[in-house]
Amino acid sequence: MNDRIIYLDNNATTAVTPEIFEVMRPYFCEKYGNPSSIHRFGGSIAADIENARRQVAALLGATYRDKDNCATEIIFTSCGTESDNSAINAALAALPERKKIVTTAVEHPAILHYCEELSRKGFTVELIGVDNCGRLDMSAMEKAVDENTAIVSVMWGNNETGTIFPVAEAAEIAHKKGAYFHTDAVQAAGKVPIDVNAAKIDFLSISGHKLHAPKGVGALYVRRGIAFTPLICGGHQERSRRGGTENVASIIGLGEACRIAKENLANEYRTLKEMRDAFEAKLLKTIPRIRINGDLENRLPGTSSVSFECIEGESILMLLDVFGICASSGSACTTGSLEPSHVLRAMGIPYSAAHGTIRFSLSRNNTMEELDFVAEKLPPIIARLREISPYWEEEK
């Protein structure tokens with residue numbers, strides 16, 4: 001067993017980087033006050049939260065400030081799932097006469113499962129399909145959105161293939177019919193430029209643990225002027241838009257993560273894309289009968305979904321694990337299912353390839369030397385598995 005760990009599962013979660021952890025550290029044992037308290041000790045914590053709110057707003061291009069220079073369009077939540085659910089809940093409450101939700105067939109379960117629950121309560125849910133590169137059928141979306149639609153939800157970048165969707169165009173389609181528009185930007189935030197004003201976004205979700213902040217914290221952008229009904233009711237926290245005492249240390253970490261991401265966005269995008277492309281080129285050269293999934297011209301820079309025909313992805317992962325290589329057979333939220341992911345099924349990827357799909361996802365912590373090591377170990381692994389695969393014999 002190899003003691004070395006090569007972590008290529010950053011779309012599932014990222015490591016909290018040392019600089020972000022150091023910014024968080026004082027809020028566990030020193031600056032532990034409750035930000036809702038009226039004394040100075042608590043008040044200083046509240047001011048730090050507002051600074052983190054401004055840092056998140058800056059990454060997303062949100063510009064609104066109130067008289068206290070607070071970024072009031074940002075609501076802190078516990079995760080991307082809560083942010084997604086909160087956005088849909090708020091839109092349905094704001095437009096109670098409308099009973100339809102339009103989303104895509106390749107959304108994260110945080111959207112799809114909530115929509116399934118809403119459909120059982122009488123709402124209509126329409127799923128827009130994608131082509132074999134994971135690109136959204138915009139003509140189908142235009143037909144689906146009507147005067148009964150309360151909200152359209154389209155992810156910014158797909159968590160499995162990395163395909164980037166035309167969210168500005170989708171928002172325009174929604175607004176033409178008087179519907180709200182939400183985007184799950186959990187995978188995109190900090191990896192590609194985001195400007196909520198330019199794209200005319202109404203709601204946008206992010207999650208801390210996807211960009212080197214800790215797990216258990218997220219944020220929801222809500223455009224100024226939209227009536228917002230809380231999903232979680234309680235105290236007056238977050239201007240009465242999300243009850244519960246704030247997760248202070250994690251909020252501070254999320255703010256710092258957003259600041260670092262904004263500062264390094266262009267350089268990290270270029271570096272991750274170059275590393276991923278070089279890695280994929282080596283696999284295509286050394287392993288027969290594989291395919292790269294997604295829109296190859298318009299992907300998140302650190303995401304690589306590779307299908308190896310006629311073998312099982314779980315077997316590949318187990319043999320990679322012997323060398324300390326961590327990857328995924330798709331979304332971490334669907335691990336344990338024997339079926340190919342809903343994303344690959346929606347793309348029409350043949351079962352012989354979909355079952356052997358591995359997602360490699362990079363972060364700033366990865367190096368080209370690590371990827372070269374993986375590219376060296378993969379060919380014999382694939383060859384070994386194909387030798388014992390009855391399907392490979394049939395396909396040869």
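Leu296 is partly exposed, with a relative accessible area of 47%; buried means under 20% relative accessible area, exposed over 50%, and partly exposed in between, with a 1.4 Å probe and protein chains only. What I show is a predicted model, in which local features need pLDDT of at least 70 and side-chain atom pairs count only at pLDDT 80 or more, while totals for chains, interfaces and linings use all residues. Residues are numbered from 1 along each chain as its sequence is written, and side-chain values use heavy atoms, with hydrogens and water left out.

Leu296 sits in the loop between strand S9 (290–293) and S10. Helices (H or I, at least four residues) and strands (E, at least two) are DSSP runs, numbered from the N terminus. Between the C-alpha atoms of Leu296 and Arg359 there are 14 Å, and 63 residues separate the two along the chain.

Arg359 brings us to strand S12, residues 357–361. How many of the residues of S12 are buried? Five of its five residues are, and the strand is mostly covered. Thr357, Arg359 and Ser361 point one way from S12, whereas Ile358 and Phe360 point the other way. In general, side chains in a regular strand alternate between the two faces of the sheet.

The pairing partner to consider is strand S10, residues 303–308, which runs antiparallel to S12 over five bridges; two strands pair if DSSP finds at least two bridges between them. Within this pairing, Thr303 stands opposite Ser361.

Ser304 also lies in S10. Is Ser304 buried or exposed? Ser304 is buried, because its relative accessible area is 1%. Its side chain makes a polar contact with the side chain of Glu280, at 2.7 Å. A polar contact is a pair of N or O atoms within 3.5 Å; within protein, one must be able to donate a hydrogen and the other to accept it, and residues adjacent in sequence count only if both atoms are side-chain atoms. Leaving aside residues up to four places away in sequence, Ser304 touches Arg276, Glu280, Arg299, Ile358, Arg359 and Phe360, where contact means heavy atoms within 4.5 Å.

Arg239, in helix H8 (residues 237–240), has a phi near 55 degrees, a positive value in a residue other than glycine. Arg239 counts as partly exposed because its relative accessible area is 37%. Arg289 lies in the loop between helix H9 (248–286) and S9, and its phi is also positive, at about 55 degrees, although Arg289 is not a glycine. Arg289 is partly exposed, at 33% relative accessibility. For context, most residues other than glycine have a negative phi.

Thank you; I welcome discussion.
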